[in-house]
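This briefing walks through one protein model, topic by topic. Have the sequence and the 3D view open as you read.

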Amino acid sequence: MILRREYGATIEECFEEIASGLEVDAVALWSLVSDGWYGFRLREDALTDFVRRGVIALLESGAKPVIGVWRIATADSPIQVRPGWPPPHDWQAVDYGETTRAIADAIVEEWLASGGLPHSDPRGLWFALPSFIRG
């Protein structure tokens, strides 16, 4: 059994904790990768497996893969950038396939093709519940 170095949680407990955050906000792929890399000190195949399992856990919790799309201000709806919620963007769903496994495999393949590092782009892929997704 592998335990998270900060507080001794198992990988399964980590996935449950990450998924519980979906009720509040979207969860970033880079955050999941960082948990495996830094929290559990996983590398190579073990990190890839962690990321795939984490993506599957998020999908099974009802999340969809999304990207942030900046809102466009109009005369009727000006955007005021200020600290706090909501951020000046909306979540837009990204289609990676039909089944949970196909979606997870496509996301992991894309992450590996980008270098498979824990320092992913925060502007990249996130996971959000349908209630956070517009359009």
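Lys-64 stands opposite Ala-128 in β4. The model is predicted: local features need pLDDT of at least 70, side-chain atom pairs count only at pLDDT 80 or more, and totals for chains, interfaces and linings use all residues. Residues are numbered from 1 along each chain as its sequence is written, and side-chain values use heavy atoms, with hydrogens and water left out. Helices (H or I, at least four residues) and strands (E, at least two) are DSSP runs, numbered from the N terminus.

**The sheet**

- Strands of a sheet pair through backbone hydrogen bonds, either parallel or antiparallel.
- Here, 4 strands form an open sheet in the order β1-β4-β2-β3, with antiparallel pairing.
- Its edge strands are β1 (27-28) and β3 (89-93), and each pairs on one side only.
- Two strands count as paired if DSSP finds at least two bridges between them.
- β2 (residues 64-70) and β4 (residues 126-128) are joined in the antiparallel sense by 3 bridges.
- Within this pairing, Pro-65 has Phe-127 of β4 as its bridge partner.
- β2 also pairs with β3, again antiparallel, over 5 bridges.
- There, Gly-68 has Trp-91 of β3 as its bridge partner.

- Gly-124 sits in the loop between α4 (100-113) and β4.
- Leaving out residues up to four places away in sequence, Gly-124 touches Val-66 and Ile-67 (contact means heavy atoms within 4.5 Å).
- The C-alpha atoms of Gly-124 and Trp-30 are separated by 8.1 Å, although the two residues are 94 apart along the chain.

**Helix α1 against α3**

- α1 (residues 11-20) packs on α3 (residues 44-60) at an angle of about 45°, with the axes 9 Å apart.
- Axes are lines fitted to C-alpha atoms, for helices over the stretch in contact, and angles run from 0 to 180 degrees between N-to-C directions.
- The two helices are therefore oblique to each other (under 35 degrees is roughly parallel, over 145 roughly antiparallel, 65 to 115 roughly perpendicular, and the rest oblique).
- The contact residues divide into 8 nonpolar, 1 polar and 2 charged (Ala, Val, Leu, Ile, Met, Phe, Trp, Tyr, Cys and Pro are nonpolar; Asp, Glu, Lys and Arg are charged; the others, Gly among them, are polar).

**Helix α2 against α3**

- α2 and α3 pack at about 135°, with their axes 9 Å apart.
- That angle makes α2 oblique to α3.
- This crossing of α2 and α3 is right-handed.
- From α2, Leu-32 and Trp-37 are among the residues that meet α3, where Phe-50 and Val-51 are among the partners.
- This contact has 8 nonpolar, 2 polar and 1 charged residues.

**Aromatic pairs**

- The whole structure holds 4 aromatic pairs (rings of Phe, Tyr and Trp, the last by its six-membered ring, with centres within 6.5 Å; planes under 30 degrees apart are stacked, over 60 edge-to-face, the rest tilted).
- The ring centres of Phe-40 and Phe-50 are 5.7 Å apart and their planes lie at 45°, so this pair is tilted.
- Phe-40 is in the loop between α2 (29-39) and α3, and Phe-50 is in α3, 10 residues apart.

Note on methods:
Left-handed = near helix turned anticlockwise from the far one by under 90°.
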